[in-house]
Amino acid sequence: MKRAAVIFLTVIMVSLASCGGAPKTEGEPEFPMRGEVPVSDKTVRFLGRYYESEGVYYTNLSCSGFEVRFEGTELKAEFISEPTDADHNTYIHVFVDDDYSALEKTEADGTQDGLVNDSRILLEAGRSTVTLVSGLEEGVHKITVQKANQSSLNKLGTIKLFPGDGAVLEPPAAKEKSILVIGDSITCGSNNLGEDLAVSYSASEDGLFTMGAYAARHFDADLEVFAKNGLYTSLINTSYDENMLRYADPFNEILVPWDTELPGRQRDLVVINLGINDTNVINSSGGAYSYEQFREDYIRLIQEVRTLYPDSYILCTDISASAAQEQKAVEEYIARTGDANISFWLRNTVYSRHPLISTHQSEGKMLVRALEDLGIF
């Protein structure tokens, strides 16, 4: 409980500072901020993992991004988009005052060339200034920016905010509930808009239309996604402290794989959605990797997650041939440790390709029911 106590104390100190209960330290911004406002962890609230490099703050993983409070009618932002190549353009979503209705009106039939709706924006490669919102009613608003794509496709940095005639205010507070999802390409939303659309591979992927994202919006919870195409359990457990981070976010220049020491970074719920790629590795290994070894790797992953998130509920889930082995691993872990704050949820969905939006939405509803039955939120 020492770590939890330290985090709780840090949260109290940050809250007091934001409310004027403690003097500002040197270098803290004075709000309201007008004109060109540099993006930093003092002017916005970052969502998911982030890091700074040469004055630019990067949020590369699926569904990562930031929230900002401002007073005015228009807000622009300067971004730097770095696709891995011309076929992997960067997409973001922009939401005003927690209104996610544009996502609920979106459908994908597997043939459309990317997705156009009221919230999704295609960024140009390199530096560009983008109008996030305009024509709003005069007043205080919260703007949420979230990245649609996984880190292996493109890199996204945010440099400045331009509130027009208005001003940037103190960042919003974290939500009361929080979810971390560890997973693979399905968790990223790969091909959920279509199957490798000709216009761009990244155009066919959107993390905001995934099981975890649907559940987070339903419970009004913060969401962090730590996932990448091809991620599998044995890879995570190889030199764990660095390899998982390097694999999931190859651009990240910070060696710390988790940020649990930062205020508010503990999670109410951690979902582990892995197994399909493990099945592929086992089947192609010629006996070098077995289900027995896989169960041990899976238990080590659970132990690492539990060490980092001592108070979180851990929900393990899968639909693959590895699911029975994962369930055995969870049961064995519980038998070894007596940990009652974990369970395995077998999804009964069947699909032979990366699922489209409709399947993610269906699984999102099932996840919501499972969490309600468990009484987590």
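Analyst: Buried means under 20% relative accessible area, exposed means over 50%, and partly exposed lies in between (1.4 Å probe, protein chains only). This is a predicted model: local features need pLDDT of at least 70, side-chain atom pairs need 80 or more, and totals for chains, interfaces and linings use all residues. Residues are numbered from 1 along each chain as its sequence is written, and side-chain values use heavy atoms, without hydrogens and water.

User: What percentage of the residues of the protein count as buried?
Analyst: The protein has 377 residues. The share of them that counts as buried is 55%.

User: Is Ser40 buried or exposed?
Analyst: Ser40 sits in the loop between strand 1 (37-38) and strand 2 (45-47). Strands are DSSP runs of E, at least two residues, and helices are runs of H or I, at least four, numbered from the N terminus. The relative accessible area of Ser40 is 15%, so Ser40 is buried.

User: Which residues does Ser40 touch, not counting those up to four places away in sequence?
Analyst: Contact means heavy atoms within 4.5 Å. By that rule, Ser40 touches Phe46 and Tyr57.

User: How are helix 4 and helix 10 oriented to each other?
Analyst: Helix 4 (residues 211-218) and helix 10 (residues 357-374) pack at about 50°, with axes 7 Å apart. Axes are lines fitted to C-alpha atoms over the stretch in contact, and angles run from 0 to 180 degrees between N-to-C directions. Under 35 degrees is roughly parallel, over 145 roughly antiparallel, 65 to 115 roughly perpendicular, and the rest oblique. Helix 4 and helix 10 are therefore oblique.
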